[in-house]
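Reader: I've got a protein model open on my screen and I'm a bit lost. Could you show me how to read it, one feature at a time?

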Amino acid sequence: MADGLKWPLSSIVYHIYPRSLKDSSSDGIGDLRGIEEKLDYLLELGINAIWISPIYTSPMADFGYDVADYRDIDQMFGKMKDFDNLIKKAHDKGIKLMMDYVPNHTSSQHIWFKEASSSKNNPKRDWYIWADPKADGSAPNNWKSVFGGSAWHLDSKTNQYYLHSFYKDQPDLNWRNSDLEKAMLDVLRFWLDKGVDGFRVDAVDWVYKDPLFRDEPRNPNTLEGKHSEYDHILHTRTFGLKETISVMKKIVKVVKEYENTFIVAEAHLDLQAIIERYVSIGWRWYQPFNFSLINLPWKAEIHKQYIDEYDKALGDLYIPCYVLGNHDQHRVGTRIGVKQARIAAMLQMTLRGLPFIYYGEEIGMTDNHISAEQVQDPYEILSPKLGLGRDPERTPMQWDDSKYAGFSDSKPWLPINPNYTSVNVKSEEKDDKSMLSLYKLLIKLKKTNPVLHEGKYIALPHPADNVLAFMREKGESKILVLLNFDDKTKKISLPFKSAKIICDDTLTDKPGTILDLTDFNLEGNEGYILQI
Ligand code: BGC
């Protein structure tokens, strides 16, 4: 059984958006051989697990999250033999590989949907969600698609609407049909048999919806022009229904059949609901993502309150899972500023639990401006000018300062951020104070220091306004983390007289130096990891 095995505990997961890591075939789009080429870089960074966003056959209406064949690799990314090579090479280097699992919807090009939409009597009809038009021909109810517009699309051939929680080319699957459920669970087995070490489960909270198709209430707190059409409705009948737990349990049960596996699921939930997920699934190697470091206002007091509560509720039984960025979120440096991005990295790497690093965060990549003509993301196309488009955080990895940043030798699918001439791996490798050097050190600490990967989290009172302090403790060993969320200098008050420097945010202080904490000012944007 997988219970009791330790790999996720000291792991650092690197999230690869495969279109954007490295192009080996000169078509301007990243691919599997490109990932393979960069395994040594990841190893050197200290990564020991990767999660790859979908690489399955797909028409790419939502860049791979519209799967046309769950059991094959899209030719854009390579062939199955490239995948087999990649997993072998990764495993040889001690790197685990997690796939993205998309249970809520397929592509409209999936053979299942082609069959289902061919006639009302097709045996696969019920694998998707269909409803008759209202008497006036309009959509069955007021449900909205996340990306914008109605969640229903009329299939003119059979004169019924099908449901799509996301893009119209992503019809929702019907997990209430037992044949579909079996087919989808078998997909997990297919990849587990190939040796994958786990999955990141996509959009699981959308899987079940009200079978009576009742309308959802209006959201009284949203504003026209400020919030998306989707946010104008409260998703009481299409999101996070009780049955979500049952589908997660079924997925987990399959994954548990295999040794040494791990599963993480998207969970845009409040703290209480996240805790409930852990408890009701009850398997240590299942973790719902915690997006609080992204979603909460960047204030030390707010983060402290959340982290204290979350950590206490999980106790020793469950492992926290903090995310700082991903392919759906603006980059950290853009959200909170490049100086605070260092503080955020120190926070993520010193908290208890499993950190996920989105590619490029380790060199401090920021969002790129995408002009109207360059937009690719259907979210931006359907809900324009609200800052929801995800192209800015998906631009190619910046490897060096050559023409296409070392990503490709052809024009990339999204424009390279012009800051690539200085923000790139090659130049940061030469700079012992760069973001990359900071990440390398933090990852090394997290992996090798037992206090950081196994120690308890000890909450401390605020040493000053907008400054976060906490301790990690294992036996007699104690680490103090001190982070200024502010750009102003703060006079610090702590119950310790002195501490030894392990690392500071700019990597300028000499490790081992004793810091006098009795009369201490923490500068703006400054952070310390200290040995007590
Ligand atoms: C993924 C998105 C995707 C959506 C639909 C998500 O939550 O992270 O990138 O567009 O699911 O699959």
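This is a predicted model: local features need pLDDT of at least 70, side-chain atom pairs count only at pLDDT 80 or more; totals for chains, interfaces and linings use all residues.

Reader: Let's start with helix pairs. At what angle do helix 5 and helix 6 pack?

Author: For any pair, look at the angle and the distance between the axes. Helix 5 (residues 178-193) and helix 6 (residues 243-256) pack at about 30 degrees, and their axes are 10 Å apart. Angles under 35 degrees count as roughly parallel, so helix 5 and helix 6 are roughly parallel to each other.

Reader: And which residues make the contact?

Author: On helix 5, they are Glu181, Leu185, Leu188, Arg189 and Leu192, while helix 6 brings Lys250, Ile251, Val254 and Val255. Sort the residues of this contact by class and you get 6 nonpolar, no polar and 3 charged. As for handedness, helix 5 passes helix 6 in a right-handed crossing.

Reader: One more, please! Which residues meet where helix 7 and helix 9 come together?

Author: Leu271, Ile274, Ile275 and Tyr278 in helix 7 meet Tyr306, Glu309, Tyr310, Ala313 and Leu314 in helix 9. Those residues divide into 8 nonpolar, no polar and 1 charged. The axes of helix 7 (residues 271-281) and helix 9 (residues 300-314) come within 10 Å and cross at roughly 20 degrees, which makes helix 7 roughly parallel to helix 9.

Reader: Now the inside. Which residues touch the most other members of the largest nonpolar core?

Author: To read a core, look at who touches whom. The largest nonpolar core has 156 residues, and Tyr14, Ile50 and Phe83 touch the most other members. Helix 5 turns up again here: it gives the most to this core, with 8 residues. Now zoom in on Phe83. Beyond residues up to four places away in sequence, Phe83 touches Leu32, Ile55, Ile73, Leu97, Met99, Trp191, Lys194 and Val196. There is also a second, separate core of 18 residues, including Leu460, Leu482, Leu517 and Leu522.

Reader: What about single residues? Is Asp202 buried or exposed?

Author: For that, check the relative accessibility: buried means under 20%. Asp202 is at 6%, so Asp202 counts as buried. You'll find Asp202 in the loop between strand 9 (198-201) and helix 6. Aside from neighbours within four places in sequence, Asp202 is in contact with Tyr65, Asp100, Tyr101, Val102, Pro103, His105 and Glu266.

Reader: And where does Val247 lie?

Author: Val247 lies in helix 6. Its relative accessibility is 0%, so Val247 counts as buried. Leaving aside neighbours within four places in sequence, Val247 is in contact with Trp175, Val204, Val207 and Tyr208.

Reader: How many residues apart along the chain are Val247 and Tyr439?

Author: They are 192 residues apart along the chain, and their C-alpha atoms are separated by 36 Å.

Note on methods: Residues are numbered from 1 along each chain as its sequence is written. Side-chain values use heavy atoms; hydrogens and water are left out. Axes are lines fitted to C-alpha atoms, for helices over the stretch in contact, and angles run from 0 to 180 degrees between N-to-C directions. Helices (H or I, at least four residues) and strands (E, at least two) are DSSP runs, numbered from the N terminus. Angles under 35 degrees count as roughly parallel, over 145 as roughly antiparallel, 65 to 115 as roughly perpendicular and the rest as oblique. A crossing is left-handed if the near helix is turned anticlockwise from the far one by less than a right angle, and right-handed if clockwise. Contact means heavy atoms within 4.5 Å. Ala, Val, Leu, Ile, Met, Phe, Trp, Tyr, Cys and Pro count as nonpolar, Asp, Glu, Lys and Arg as charged, and the others, Gly among them, as polar. A nonpolar core is a set of buried Ala, Val, Leu, Ile, Met, Phe, Trp, Tyr and Cys residues joined through side-chain atoms within 4.5 Å. Buried means under 20% relative accessible area, exposed over 50%, partly exposed in between (1.4 Å probe, protein chains only).
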